[in-house]
Amino acid sequence: MVKRKTKNIPDADIHRVTTSGDIEVSTYLEIAKEIGGGQPVAVSEVTPVTKRESIIVMDFGSQYSLLIARRIRECQVYCELVPYDTPWEKIESLNPKGFVLSGGPASVYQKNAPLAPAYVYESHLPVLGICYGMQVITKQLGGQVTAGEKKEYGHAILHLNSSESPLFTGLEDSAPVWMSHGDRIEEMPPGFTALAYTENSPIAVIGNRDGIYGLQFHPEVAHTPQGKAILKNFAIEICGCKGNWTMGNFINESISRIKKQIGKGKVINALSGGVDSAVVATLIHRAVGNQLTCIFVDNGLLRREEVERTFKVFNENLGMKIIHVDAADRFIDRLKGVVDPEVKRKVIGEEFIEVFEEEANKIGKVDFLAQGTLYPDVIESAASGSTASAKIKSHHNVGGLPSKMRLQLIEPLRYLFKDEVRQVGMELGMPEEMVWRQPFPGPGLAIRIIGDITREKLEILRSADYVVMNEIKKANLYRQLWQTFAVLTGIKSTGVMGDYRTYGYLVALRAVTSDDVMTADWARLPYDLLARISNRIVNEVPGVNRVVYDITSKPPSTIEWE
Ligand code: XMP
């Protein structure tokens, strides 16, 4: 199998996300992704409902493959990404309506170049080849592909030869597209015509009367503004999909599936306050009510009012059974004197597992463990060589999960992208504040206090953080910003208050924008807002006499300071 260029980040490196130097990566970054790792637990696979129609994206190794699936889902058509050599039996169960052959790093004329299985053509379903996928079609159906004299990379203008093809419904006659290829179509297979061209690619789009098409450019990336319309035309006009993949339908299907899977069993869920575990809990609660128990571990490293807020939403508003464990002392005691950020993470992760296990044991016999694994995690695990189900995401905010508990996993979100999870949350009537919550690291405030952690420092940081959040929300910027927070630096500096000199802490303010975690830019916050935040922190937080604003992007910095 061709390995996708995604990275498998080992548990120990969870924090630092390496940023590829690959120039193509900018588009891939649109895939919102959380990095995680964890121990394998017995898995109970939740198979999608077979009646649902789907488009199958066959992965030939392009870094954009997952993005194709996401774009098609945005057109309300269910779509799955599978390795190019997946057996027909698996595909058949997905009720396929058409195939997309992704791009990939190989050249079709190389020895052992990956090709599409015969069933792709024998099924008589429509096929759309993208970049390498187009070359695969060309080769397999009798055309010719050669190495281009020069590689074509970047923007190009696509001109349609005729706008009659259903692939082009509603499109302009010419439009920008994103190219990234070295090989080119020298001779089309019999029965195909050239439907569009660019300056350097006389054959940029091909098609035949059987609904088989090829695109030399990438419709899935943001640099091809009409690309989504092309994918939609393929899925709806050509494959005849109804476009009824909505989150409302997902919720209904999901609830009946969960009911069937759980039966009379008992489920536990580690609630973190983050959106994934919150949506999982709500969905399962809808399905099996009080057979679900949530465990919410207060590690003493959370934000002000976080515990109360989470408890209120889940217990009071949604009526869930929640065990709230106040383990702050245990965590803080174990962190005493620890300054190395990775050791902090390890200590917190281990302690979490102990606490979680102790609490779970008190409940008696439990059968299932619910987890907020998302589709990108599943794909990432599959691509890294293990089976998708063997490598389970440990939810960021709760650390790894106890492998000896031998619970069956239940992962209702394993076929969803992050933005779909948020939509599910909204459809389930969860509070907006929870659905759109900014990411908060599992080790919490521990990695925002540089150096050792004390209760006093935690209190200072909590107060400063509260001011930041309060002002950012008042300014209506919370949702636009990826993350906003205060850092208690280890530095103390001199100040003056009234007639006195002070020697107090330096707080750094961090506010970043990002499409996902891998790159970020510092937010150009209005000066007045910065002034208000700074004034309030030095006035309201005892022990702090200076505030600075972090104006570095990621890379080279990271979002968190530790
Ligand atoms: P960095 O600092 O690497 O962070 O740019 C990227 C994203 O990951 C979050 N983060 C963590 N989340 N456990 C987590 O659950 C961690 O140890 C951890 N470290 C960083 C960070 O808040 C940002 O969203």
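Are Asp-465 and Arg-303 buried or exposed? Both residues are buried (under 20% relative accessible area; exposed is over 50%, partly exposed in between, with a 1.4 Å probe and protein chains only).

This is a predicted model, in which local features need pLDDT of at least 70, side-chain atom pairs count only at pLDDT 80 or more, and totals for chains, interfaces and linings use all residues. Residues are numbered from 1 along each chain as its sequence is written, and side-chain values use heavy atoms, with hydrogens and water left out.

**View A. An open sheet of five strands.** The strands run in the order S12-S11-S10-S13-S14, with parallel pairing. Strands (E, at least two residues) and helices (H or I, at least four) are DSSP runs, numbered from the N terminus. Two strands pair if DSSP finds at least two bridges between them. Strand S12 (321–326) and strand S14 (408–410) form the edges, each pairing on one side only. Neighbouring strands are turned by 25° against each other on average, direction ignored. Axes are lines fitted to C-alpha atoms, for helices over the stretch in contact; angles run from 0 to 180 degrees between N-to-C directions.

**View B. Strands S13 and S14.** Strand S13 (residues 368–370) pairs with S14 in the parallel sense over three bridges. Phe-368 has Gln-408 in S14 as its bridge partner.

**View C. Helices on the sheet.** Helix H7 (residues 247–262) packs on the sheet and touches strand S10 (267–271), S13 and S14. Contact means heavy atoms within 4.5 Å. The direction of H7 makes about 170° with that of S14. Helix H8 (residues 275–288) lies across S10, strand S11 (292–298), S13 and S14. H8 runs at about 155° to S10.

**View D. The salt bridge of Asp-465 and Arg-303.** The closest N and O atoms are 3.4 Å apart. A salt bridge is a side-chain nitrogen of Lys or Arg within 4 Å of a carboxyl oxygen of Asp or Glu. Asp-465 sits in helix H15 (residues 455–474), Arg-303 in the loop between S11 and helix H9 (306–317), 162 residues apart. The structure holds 35 salt bridges.

**View E. The salt bridge of Glu-350 and Arg-334.** These side chains meet at 3.1 Å, N to O. Glu-350 lies in helix H11 (residues 341–363) and Arg-334 in helix H10 (residues 328–334), so the pair ties together parts that are 16 residues apart in sequence. Glu-350 is partly exposed at 34% relative accessible area; Arg-334 is partly exposed at 33%. Both belong to a salt-bridge network, whose members include Arg-330, Lys-346 and Glu-354.
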